Amino acid sequence: PALQPAKESPRSVPGSESMACCSARCTLVFLCTVQLLAALERQVFDFLGYQWAPILANFLHIIIVILGLFGTIQYRPRYIVVYTVWTAVWVTWNVFIICFYLEVGGLSKDTELLTFNISQHQSWWSEHGPGCVRKEAPMVGMKGMDSHSYVSVVGCILEYQYIEVMQSSLQILVTLVGFIYACYVISVITEEEDSFDFIGGFDPFPLYHVNEKPNNLLFKKSYLPA
């Protein structure tokens, strides 16, 4: 069979798709890193405030973000799919936190819901927010309460519930952008895997291809003169 030069495909410029994939992967790696740092910062302050429900949610979020980061770097679309599914759960959780601190839908920030009713602690920012001054007054005249004291917080520039709402809003924003880039990276990696073969590699249009059309000259009979 004869070898013929393959016709150039008008689909895309060679290397443009790979460059787009690399750019999207780098952006997704950056977004996952930002999410990881934000989650670690939030985890520290939730530990200080004994907020057990957010601590558990943050821990799962950190694990999934690390999984998505690994999948992005190592071209593992299945790991990125897990990260993409988790983004929906994480957005829902942060919407709940916003509703909880803004007391939407019958929720109250003064309940012990986030501590699983184990303790009466509130957000760490409730006493340590910007400008907050913590004052204690001893409980006098009550039996068995001599070692206890009233705690009041004054002078806060920003109330603690708004700090929590701002943190959750930032998480939602970064997560939504990460979801978009994760879907794009999954589609590009999947297309590259589908176009891969053991002969042409990742190039679906090799330089030469075999002409499978039979050569008519091979089938013509030649007659010798008598």
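**The disulfide and the aromatic rings**

The S-S bond of C132 and C156 has a torsion of about 125°, so this disulfide is right-handed. The bond links parts that are 24 residues apart in sequence, because C132 belongs to the loop between α4 (125-128) and β2 (133-138), while C156 belongs to the loop between β3 (149-154) and α5 (160-195). The structure shown here is a predicted model, and its sulfur atoms in C132 and C156 sit 1.9 Å from each other. The disulfide count comes to 1.

The two partners fall on either side of a cut-off. Buried means under 20% relative accessible area, so C132, at 17%, is buried. C156, with a relative accessibility of 22%, counts as partly exposed. C99 comes out as partly exposed, its relative accessible area being 24%. C183 is also partly exposed, with a value of 33%.

Then there are the aromatic rings. A pair of aromatic rings is described by how far apart the centres are and by the angle of the planes. In this model, 10 aromatic pairs turn up. For one of them, W86 with W90, the ring centres are 6.2 Å apart and the planes meet at 25°, so the pair is stacked. Planes under 30 degrees apart count as stacked, which is the cut-off at work here. Both tryptophans sit in helix α3 (residues 77-101), and because W86 and W90 are 4 residues apart there, about one helical turn separates them. As for solvent, W86 and W90 are both buried.

F100 and Y101 make a pair of another kind. Their ring centres lie 5.2 Å apart with the planes at 90°, so this pair is edge-to-face.

One more ring has a charged neighbour. The side chain of R25 lies over the face of Y75, 4.1 Å from the centre of the ring.

Taken together, the picture has a few clear parts. The disulfide joins C132 to C156, with C132 buried and C156 partly exposed. On the aromatic side, W86 and W90 are stacked, F100 and Y101 are edge-to-face, and R25 lies over the face of Y75.

Technical notes
Residues are numbered from 1 along each chain as its sequence is written. This is a predicted model: local features need pLDDT of at least 70, side-chain atom pairs count only at pLDDT 80 or more; totals for chains, interfaces and linings use all residues. Side-chain values use heavy atoms; hydrogens and water are left out. Rings of Phe, Tyr and Trp (its six-membered ring) pair if their centres lie within 6.5 Å; planes under 30 degrees apart count as stacked, over 60 as edge-to-face and the rest as tilted. Helices (H or I, at least four residues) and strands (E, at least two) are DSSP runs, numbered from the N terminus. Buried means under 20% relative accessible area, exposed over 50%, partly exposed in between (1.4 Å probe, protein chains only). A charge sits over a ring if NZ of Lys or CZ of Arg is within 6 Å of the ring centre and within 35 degrees of the ring normal. A disulfide is a pair of cysteine sulfur atoms within 2.5 Å.
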